[in-house]
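Please look over the sequence and the structure shown here before reading the briefing that follows. The points are grouped by topic.

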Amino acid sequence: MLFRREKKLGIIGCGAIGTEIACAVDNGDINVILEACCDTDKSKYHLLVSKLKKTKPALLDMEKLIKKCDLVVECAQKAAVTDIFKLAIKYNRDIVFLSAGGVLENMDLVEQARSKLINVYVPSGAVVGIDGLDAAKYRGLKQVTLITRKPPKAFKGVKYLEDKGINPDEIVTETVIFDGTAREAVIGFPANINVAATLSIAGIGPDATRVKIIADPFVSTNKHELIVEGDFGRFRAITENFPSPNNPKTSYLTSLSAIVLIKKIVEPLHIGT
């Protein structure tokens with residue numbers, strides 16, 4: 001009789017998404033062992049652990065966590081991706097990246113991972129339609145456009161807007177604040193447009209993918225409209241995201257998509273493209 005050994009899961013970043021994943025493991029929704037967590041802010045680790053009832057993952061530094069775990073989940077920030085990626089390659093560990101923008105900037109490391117048969121996963125995140133985009137790319141994908149609409153307050157502190165003299169507090173009507181390529185969007189809005197990076201990796205690349213960002217004072221949710229055209233035809237997918245219960249700056253669907261991806265990795269039945 002064959003037995004499937006439970007994977008040891010390590011979470012880097014104990015914020016809203018890392019906490020949601022840890023709670024899902026603790027509730028028995030994901031068949032893994034939550035081995036360890038890592039965060040530069042130890043108070044976030046202790047807050048995460050306080051929400052768990054059955055498990056208490058160890059607090060380890062990044063390298064020790066990656067060395068000890070079978071599957072690593074990055075829930076930190078784009079700036080941390082390169083170091084995490086290099087360590088995952090060093091220790092031959094499969095890894096899930098939430099910071100798609102960081103992966104986009106390290107496609108050379110993706111190739112290194114491929115050569116070592118390391119699996120690199122990026123969840124669909126805050127947008128639906130990735131399955132259709134993935135299928136369309138197989139033959140004759142021609143155009144990918146993302147239109148993102150958020151309340152102006154979501155763009156407070158964005159340097160791209162500050163450099164252009166745009167104050168989100170003064171936006172009183174629907175305003176296009178960016179219209180360009182996905183590569184430019186990821187650089188200008190690193191904390192707001194992770195979706196563009198995900199679509200670029202899944203589709204026709206960051207220079208061919210078009211992105212329009214709208215600050216709209218009349219909406220209360222984050223809305224992503226994905227338009228894809230190719231030899232298959234055309235589809236439009238619209239997502240209106242509610243915020244995470246643990247962090248209003250994070251879309252709840254982002255956490256849920258990460259949880260489901262990890263479930264797919266460790267379970268034998270996979271549904272969908």
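Domain bounds, as used here, come from an automatic or database domain assignment. On that basis the protein chain is divided into domain 1 (4-122 + 252-266) and domain 2 (130-241), and the C-alpha centres of domain 1 and domain 2 lie 26 Å apart. This is a predicted model, in which local features need pLDDT of at least 70 and side-chain atom pairs count only at pLDDT 80 or more, while totals for chains, interfaces and linings use all residues. Residues are numbered from 1 along each chain as its sequence is written, and side-chain values use heavy atoms, with hydrogens and water left out.

**Contact between the domains**

- Counting as contact any heavy atoms within 4.5 Å, the meeting of the two domains takes nine residues from domain 1 and 10 residues from domain 2.
- Domain 1 and domain 2 bury about 750 Å² between them, 71% of it on carbon and sulfur atoms; buried area here is the accessible area (1.4 Å probe) that two parts lose on being put together, summed over both.
- Of the area that domain 1 buries against domain 2, 55% is supplied by Lys78, Ala100 and Leu104, which is more than any other three residues give.

- Helices (H or I, at least four residues) and strands (E, at least two) are DSSP runs numbered from the N terminus, and two strands pair if DSSP finds at least two bridges between them.
- Six bridges link strand β1 (residues 7-12) to strand β2 (residues 32-38) in the parallel sense, and Gly10 has Ala36 in β2 as its bridge partner.

**The five-stranded sheet**

- A further open sheet, of five strands, has the order β8-β9-β7-β10-β11 with mixed pairing.
- Its edge strands are β8 (175-181) and β11, each of which pairs on one side only, and the twist averages 10° from one strand to the next.
- Strand β10 and strand β11 (residues 233-241) run antiparallel and are joined by nine bridges; they form a hairpin with two residues between them, and the bridge partner of Leu226 in β11 is Ala237.

- Helix α10 lies across β7, β9 and β10, running at about 170° to β7.
- Seven of the nine residues of helix α10 (residues 194-202) are buried, so this helix is largely enclosed by the rest of the structure; buried means under 20% relative accessible area, exposed over 50%, and partly exposed in between (1.4 Å probe, protein chains only).
- The buried residues of α10 are Val195, Ala196, Ala197, Thr198, Leu199, Ser200 and Ala202.
- What covers them includes α5 (100-104), α7 (130-137), β7 (141-150), α9 (182-188), β9 (210-215) and β10 (222-230).

**Cysteines**

- With a disulfide taken as a pair of cysteine sulfur atoms within 2.5 Å, a search of the whole structure finds zero disulfides.
- Cys23 is in no disulfide, and the nearest cysteine sulfur, that of Cys37, is 10 Å away.
- The sulfur of Cys75 is 8.5 Å from the closest cysteine sulfur, in Cys14, which is too far for a bond, and Cys75 is buried with a relative accessible area of 13%.

**Two loop residues**

- Asp41 lies in the loop between β2 and α2 (42-50) and is partly exposed, with a relative accessible area of 31%.
- Asp41 and Cys14 are 27 residues apart in sequence and 8.4 Å apart in space, C-alpha to C-alpha.
- Lys156 is found in the loop between β7 and α8 (159-163), and, leaving aside its neighbours within four places in sequence, Lys156 is in contact with Pro168 and Asp169.

How values were computed:
Axes are lines fitted to C-alpha atoms, for helices over the stretch in contact, and angles run from 0 to 180 degrees between N-to-C directions.
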